[in-house]
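Let's take a walk through a protein together. Keep the picture open as you read, and find each part as it comes up.

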Amino acid sequence: MTITTPDTPHAQPLLDWYDRHHRDLPWRVTPAMAARGVKPDPYRVWLSEVMLQQTTVQVVKPYFERFLTRWPEVTDLASAESDAVMAAWAGLGYYARARNLKKCAEAVAKEHGGIFPDTEAGLKALPGIGDYTAAAVAAIAFNRRAAVMDGNVERVISRLHAIETSLPAAKPVMKDKVALMTPADRPGDFAQAMMDLGATICTPKRPACSLCLFRGSCQALKLSDPELFPVKAAKKEKPVRHGAAFIAVTGDGEILLRRRAESGLLGGMTEVPTTAWTARIDGETSVTAAPFEAAWLACGTVIHVFTHFELRLSIWRAAIAAKPTLNDGVNDEWWEPVTNLEAQALPTIMKKAIAAAIPLAFKTSKA
């Protein structure tokens, strides 16, 4: 039974709206599919939820479809090479998600016989699954009554109740109100309906309030401007860090690459040689920091914005007649044909660096 208070909007009108206006998404079982007896696939739900964190639906769709084509079951992903998973993830950002994705798949395969736990508590015990993902998978895949709250839901609930406390401090209050509103029947559809309402009607800018089924009970619309909600704490200015990247190319079209350490920013991803920049300190930017002596030419600067800082890399390029000797006993450096770059686990910042030195690199590369 769902307990409500006098100011809690009812879920049924939202479910009715969702039945008519839901988005068709490749990981979703629509109401019409459910009526035919189709059940949500926990693997698909989990994979989509991990990919969608801090990433838009349009960006995620092709990645989701490629992952499913290559690894159609969680056991397939569990047995995949880590390098292949990281390469397939390249461009989605937040690369710790890819490492945890692999660990989680391995845990499901080895400890649960390839079957996802069907409760929030069981899901939270898996690697890389936090409160949000556990609630989303429990509700959407297993129809458990769980309070699911992503950015879209935060926006809807903050406007419905005109919550004036700023984020992130407001999250517990918001989640309590979502929990009160979540029905025992169709909690997964309710969660997806709230997400769709936030994505299509209750948008960050210029929300379509005249089309919203909650316009009669929305406190933000009654008392103020809905665009003022959710209230967010003032953003701190991002620090700017500097470094250098070195693109060495042989006469037969090979480029020097290396693998980053497994831990830390961009952990386990592929990169060109760079200086020791981090989120907290600058790296060298001059040619004196090059990995070996060569006729290095400056190719400008590329800028990339991470979550907590902005990085500006000075780009240097050298045409190499003879390959220099790589570090003895180290197998995380290698020469890769430029035509094969798309198959490498290169994060966006490294693709920018390579493109600055070799403008046609990714137009000639074959995935």
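This is a predicted model: local features need pLDDT of at least 70, side-chain atom pairs count only at pLDDT 80 or more; totals for chains, interfaces and linings use all residues.

Residues are numbered from 1 along each chain as its sequence is written, and side-chain values use heavy atoms, with hydrogens and water left out.

Now for some helices. Two packed helices are described by the angle between their axes and the distance between the axes. The axes are lines fitted to C-alpha atoms, for helices over the stretch in contact, and angles run from 0 to 180 degrees between N-to-C directions. Helices (H or I, at least four residues) and strands (E, at least two) are DSSP runs, numbered from the N terminus.

Look for helix α3 (residues 42–52) and helix α7 (residues 96–111), whose axes come within 10 Å and cross at roughly 160°. That is why α3 and α7 are roughly antiparallel to each other; angles under 35 degrees count as roughly parallel, over 145 as roughly antiparallel, 65 to 115 as roughly perpendicular and the rest as oblique. On the α3 side, the contact is made by Trp-46, Leu-47, Val-50, Met-51 and Leu-52, and on the α7 side by Arg-97, Leu-101, Cys-104 and Ala-105. Sort the residues of this α3–α7 contact by class and you get 8 nonpolar, no polar and 1 charged. For these classes, Ala, Val, Leu, Ile, Met, Phe, Trp, Tyr, Cys and Pro count as nonpolar, Asp, Glu, Lys and Arg as charged, and the others, Gly among them, as polar.

Next, helix α4 (residues 57–70) packs with helix α6 (residues 82–89) at an angle of about 155°, their axes 10 Å apart. So α4 is roughly antiparallel to α6. Tyr-63, Phe-67 and Arg-70 of α4 meet Ala-84, Val-85, Ala-88 and Trp-89 of α6.

What about α10 and helix α12 (residues 187–200): at what angle do they cross? Roughly 80°, with axes that come within 8 Å, and therefore α10 and α12 are roughly perpendicular to each other. The contact of α10 with α12 has 7 nonpolar, 2 polar and 1 charged residues.

Most residues other than glycine have a negative phi, and most peptide bonds are trans. Gln-54, in the loop between α3 and α4, has a positive phi near 65°. A cis peptide bond joins Leu-167 and Pro-168, with omega about 5°, and Pro-168 sits in the loop between α10 (151–160) and α11 (171–181). Another cis bond links Phe-229 and Pro-230, with omega about 0°; look for Pro-230 in the loop between α13 (219–223) and β1 (240–250).

Terms used: Contact means heavy atoms within 4.5 Å.
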